[in-house]
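Open the model in your viewer and keep the selection panel at hand. Each stop below says what to select and what is there.

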Amino acid sequence: MLIPKRVGKVLSGTFLVGSALFTSCNQTVETQIQLIPEPFEMTQSDGMFKVSQAMLVGAGSASNKVNFRVDPNATDIPDEGYQLEIDEAGVRLTAKTETGLFYGKQTLLQLLTPNGLPYVKINDQPRFPYRGLHLDVSRHFFDKEEVKKLMNVMSYYKLNTLHLHLTDAGGWRLQIDKYPKLTQEGAFRTQSDWREWWDNGKDRQYLKEGTEGAYGGYYTKDDIRDMLAYAAEKHITIIPEIEFPAHSDEVFVAYPELCCAGKSHTSGDFCIGNPKTFEFMENVLTEVIELFPSEYIHVGGDECPKIRWEKCPKCQARIKELRLKADKNHTAEQKLQSYIINYAEQFLNGKGRRIIGWEEILEGGLAPNATVMSWRGIEGGIEAVKHKHDAIMTPSLFLYFDYYQTMDTDNEPPAIGGYVPLEKVYSYEPVPQTLTSEEAKYIVGVQANLWTEYIPTYSQVEYMELPRMAALS
């Protein structure tokens with residue numbers, strides 16, 4: 001980030017709006033500017049422009065003192081950037097796009113004090129095109145109004161992508177017309193306490209929708225449309241994640257023929273030797289892309305044990321048919337996973353979409369146009385960019401917000417483990433130093449992840465997200 005030098009004060013900020021410091025009426029007024037995220041360039045002058053929040057919120061068009069303007073021909077401003085000047089003449093905010101203008105308004109809201117706005121000149125633009133936050137709604141379900149609350153905070157910090165983890169063993173959370181039993185039989189379970197329910201092992205049970213005391217829920221397609229419309233107002237893209245080929249226990253409760261054993265509670269992995277698996281994947285993804293306008297569709301691809309595939313006659317027949325052979329780097333089963341991910345990518349590419357997966361999609365060979373989310377460390381991201389694939393950095397040791405924020409765990413709500421304090425998030429540098437400048441271009445962004453096995457309420461979501469979300473920003 002660049003803060004240019006000039007005659008006079010130059011201040012940059014790392015926290016929320018500070019208070020103004022005033023002396024006598026004939027002395028210089030000083031205001032400590034504290035912005036999240038820190039602007040790309042900023043200079044400050046002495047003085048304050050008197051303005052109310054109502055004036056800023058209501059300034060949809062030019063006025064004598066407050067002028068907001070979108071100029072599509074402003075070639076010196078990036079698409080998500082903006083230029084802001086505040087002086088004795090008033091407020092002038094210019095952007096190339098409505099998105100840039102929106103971000104400029106967030107900056108104004110952070111700058112505003114009870115005494116008005118400090119005199120500043122800001123030239124701002126984001127470092128990365130992808131600035132993400134992940135929310136697992138499978139292990140614990142959060143309704144659409146709670147998701148909207150999260151997007152309010154995201155937009156304030158100029159985060160632009162919400163990754164919704166919609167399907168996993170905890171419950172299927174998306175209405176699919178072609179497969180109604182996914183939500184009728186796979187969206188509710190016997191217990192709200194994830195740990196207690198999960199520890200039951202093969203005895204963990206799902207309940208049919210409408211059963212008294214059933215815990216869970218799902219989004220109707222109208223719910224999703226409502227959330228998408230709200231996200232658009234906040235200039236946020238929602239990326240859906242539909243898990244393949246593992247983490248799918250809830251699918252097999254409803255459609256057991258799709259797993260290798262043909263019955264539920266035997267595996268979380270799809271049977272890749274079964275043609276119905278490919279039919280299911282295409283049908284589900286078709287409805288997903290009809291609903292979600294995002295360029296990216298996330299297909300999971302993580303933590304697939306593949307043990308069932310080793311003994312499944314159908315999967316082994318598929319391996320033989322495809323002539324997949326183990327080598328020094330990959331097993332035949334890993335190559336089979338690569339095959340299903342490649343298949344998903346080709347299907348999505350044919351619909352004008354792009355695929356994202358967790359870094360395990362590297363195993364067995366990466367699909368040609370896939371984007372990799374590197375979560376176990378930075379190595380997956382490095383491997384991806386070495387092969388000219390886009391990577392999103394989301395390493396657990398820095399950006400897993402389900403980890404504890406303090407070492408005093410006795411006085412914290414239960415967490416899955418780990419230790420990611422605010423300082424560690426703030427210290428993270430997404431671009432590994434080992435990359436060349438050309439390779440670094442493939443690091444397209446960062447994302448913090450919130451898995452919710454131990455997070456049953458939205459108030460706890462907020463507790464785990466903040467203030468670490470500010471440090472991420």
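**Stop one: β8 and its neighbours**

Select β8 and strand β19 (residues 443-450): they run parallel, joined by 6 bridges. Two strands pair if DSSP finds at least two bridges between them.

This is a predicted model, where local features need pLDDT of at least 70 and side-chain atom pairs count only at pLDDT 80 or more, while totals for chains, interfaces and linings use all residues. Residues are numbered from 1 along each chain as its sequence is written, and side-chain values use heavy atoms, with hydrogens and water left out.

Now pick L135. L135 stands opposite L450 in β19 and opposite L164 in β9.

Colour β8 (residues 130-136) by accessibility: 7 of its 7 residues are buried. Buried means under 20% relative accessible area, exposed over 50%, and partly exposed in between (1.4 Å probe, protein chains only). In a regular strand the side chains alternate between the two faces of the sheet. In β8, Y130, G132, H134 and D136 point one way, and R131, L133 and L135 the other.

**Stop two: β7**

Select strand β7 (residues 117-124). With 6 of its 8 residues buried, β7 is largely enclosed by the rest of the structure. Strand β3 (residues 41-49) pairs with β7 in the antiparallel sense over 6 bridges; there, I122 is the bridge partner of M42. Strand β5 (residues 82-87) is also antiparallel to β7, over 5 bridges, and D124 is the partner of Y82.

**Stop three: aromatic rings**

Show the rings of Phe, Tyr and Trp (its six-membered ring). Rings pair if their centres lie within 6.5 Å; planes under 30 degrees apart count as stacked, over 60 as edge-to-face and the rest as tilted. The structure holds 23 such pairs.

Zoom to Y179 and Y255. Their ring centres are 5.3 Å apart and their planes at 85°, so the pair is edge-to-face. The pair links distant parts of the chain, 76 residues apart: Y179 is in the loop between β11 (171-172) and α4 (181-186), Y255 in the loop between α7 (249-254) and α8 (275-291). Y179 is buried at 11% relative accessibility, and Y255 at 10%.

Next, W194 and W198. These rings are stacked, 5.0 Å centre to centre with 15° between the planes. Both lie in helix α5 (residues 194-198), 4 residues apart, about one turn of the helix. Buried or partly exposed: which is W198? W198 is partly exposed, at 31%, whereas W194 is buried at 7%.

R204 lies over the face of W198, at 3.5 Å from the ring centre. Its charged end also sits over the ring of W197, 5.8 Å from the centre. The test is NZ of Lys or CZ of Arg within 6 Å of the ring centre and within 35 degrees of the ring normal.

Finish the rings with one aromatic cluster: W172, Y179, F244, F252, Y255, F270 and F280.

Conventions: Helix = DSSP H or I, 4+ residues; strand = E, 2+ residues; numbered from the N terminus.
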